[in-house]
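Morning, everyone. I have one structure to walk through today. Please look at the screen.

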Amino acid sequence: MAEEVRIVLRNYGKIDPLNIDDYINAGGYKGLEKARSMSQEAVIEEVRKSGLRGRGGAGFNAGTKWKFSYRAVADEKYVVCNADEGEPGTYKDRIIMENDPQSVLEGMAICGYAIGSRKGYIYCRGEYPYVVDILNQAIAQAKEKGILGDFDIEVRMGAGAYVCGEESALIESIEGHRGSPRFKPPYPPAEGLWQKPTIVNNVETFANIPIIMEKGSDWYAGIGAKSYPGTKIMTLTGDVVNRTFIEIPTDVTIRQVIYDFGGGIREGKKFKAVQIGGTSGGFIPESLLDTSIDFDSMGAIGATLGSGAVFVMDETRDLVDVTERISKFFEHESCGKCAPCREGTKRMHEMMTRLNAGQGKADDLEQIEQLGSVMSRACLCGLGQAAPSPVLTTLEHFRNEYMEKLG
Amino acid sequence: MSDYAKIISPYKDLPGGIIEAYHALQNKYNYIPEDAIAVAADMFDISLSQAYGVATFYSYFKIGPRGRYVIRICESAPCHVAGADDVIAALEKELGISMGETTEDGKFTLEFAECVGQCQGTPVITINSQPYVNVEPEKVGEILAACK
Ligand SMILES: Cc1cc2nc3c(=O)[nH]c(=O)nc-3n(C[C@H](O)[C@H](O)[C@H](O)COP(=O)(O)O)c2cc1C
Ligand code: SF4
Ligand code: FES
């Protein structure tokens, strides 16, 4: 049976999150101290070599990203922690921030040192006011101790827009604007917050950094899958026995996640489908459960690791109904900036409603596939590009459910 | 200085601070008073339409009155399959209003929400941002009774 490996959550349940001395006594801030004894290039190289890739969904090598900002010449640079966590079924960043806020601050400070930034922002979703309180207390304690040196961290609150998790939309939001994604390039590491070089990383990404600095890149690169090393926190929802969170090496398979950690399907029922990575992820059938959860293996089966949400559905679930619900989410969350998404999510929801109500025609299935394939290519940001994925993957793997509902 | 200006002014010099100012207003009133938007536009030196544009973009903000207790029901997929519809039906029945409405006494407002990040305990509702997990339709009366 597969076992949990707690790296990011190493202090979970062991320290008082609101007592910085607890964190320090558990070895906290050694990573920052070590980083500061190294050159900036050496820190970045260490992070790059560890193979750590972004835990917010896009899977970009963290060290490589940092190098862009390090090399950019500017009077000011920013470090932004993406704590917008809006992907349905996901609450892993909340678990990290509630239980070990200092690890996130330390990760940000190491990034600040590496790229030459003195100012960090944590953009925390508005639905987590209690987390904002914890972060502010943690920052106050770190400042009092002077442990962050001249690196300052400020918390900003989101306000219920899923698209603000997209890094350029997030930046717009910190600037006090509507959270619409920007045209790219330029990318944030070159030109981000207030046009300055900006590193945006996910909470879980930052929380990995201190321990990588402390234990070294070789140690980290040896854990889990080769091309996406380390661990991933997964949050299990739906029809699994254990609706809980786990931290596992990235070479664990989906089947192990559901059966070893999730305890299998509730009430002795049979498995039907699992959607991984949140509401924008693909639906996965039984035949693909032996895939390992790392970024590339998931991509190879047309699915995503995304945020690490694992939404399990048993044999009784109506996938057309679930997919309709998801299509409403995207219509609601589309920011409206580009036509393929603004119009596409609306039409897609319309067609899904019709299909779910038993009034769809065989034509609709083809149209919806065509629309989906256009959207995945023509939409400006990841929201519109990923929106068709639940529809397309259910059509691919569970087409019979649609056929049975045709009017 | 008006009350609104007093609430907004601490954020006036914060770069991009208008969203924080809106949070402060909503903390105080449970919604953003319409007139406060004009005050914010003034203080942040942006046009009224820009100030509106920001406030209306974010679904966590609500312009104009709502109840003292804002109940939001998560209808994202995991809560949906866990029976969010039954919780909605129970809340509507108990309060005698439909989703999106406010009770006549101005005490309760019912709103839809997407995932609020408490998915370990679906279905989930929040009352003035405080989460309630594993909500059963039969428990709705009890939860409401605790809102004094
Ligand atoms: C619609 C949309 C929503 C996103 N939401 C989040 C989010 O809630 N948290 C997050 O870290 N990244 C989110 N991302 C990914 C970010 O754009 C970005 O890739 C990430 O924050 C980079 O950090 P990482 O490299 O550490 O993963 C989202 C992307 C899109 C397109
Ligand atoms: S894809 Fe959708 S969310 Fe992204 S910019 Fe276009 S309209 Fe906005
Ligand atoms: S899905 Fe309802 S709280 Fe996350």
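Start with chain B. From the N terminus, its elements run α-α-α-α-β-α-α-β-β-β-α. That is seven helices and four strands. Helices here are DSSP runs of H or I with at least four residues, strands are E runs of at least two, and both are numbered from the N terminus.

Some ground rules. This is a predicted model, where local features need pLDDT of at least 70, side-chain atom pairs count only at pLDDT 80 or more, and totals for chains, interfaces and linings use all residues. Residues are numbered from 1 along each chain as its sequence is written, chains are lettered from A and ligands numbered from 1 in the order written, and side-chain values use heavy atoms, without hydrogens and water.

Back to chain B. Its C-alpha trace spans about 50 × 30 × 20 Å along its principal axes. Of its 148 residues, 56% are buried, meaning under 20% relative accessible area with a 1.4 Å probe, protein chains only.

Now ligand 1. What surrounds it? 20 residues do, each with a heavy atom within 4 Å. Among the closest are A:Gly56, A:Asn82 and A:Asn201. The largest share of this shell, three residues, comes from β4(A).

Next, polar contacts, which are N or O pairs within 3.5 Å. The side chain of A:Asn201 places an N or O atom 2.9 Å from a ligand 1 oxygen. A backbone N or O atom of A:Gly165 sits 3.2 Å from a ligand 1 nitrogen. For A:Val200, a backbone N or O atom is 3.5 Å from a ligand 1 oxygen.

Methods:
A polar contact is a pair of N or O atoms within 3.5 Å; within protein, one must be able to donate a hydrogen and the other to accept it, and residues adjacent in sequence count only if both atoms are side-chain atoms. Buried means under 20% relative accessible area, exposed over 50%, partly exposed in between (1.4 Å probe, protein chains only).
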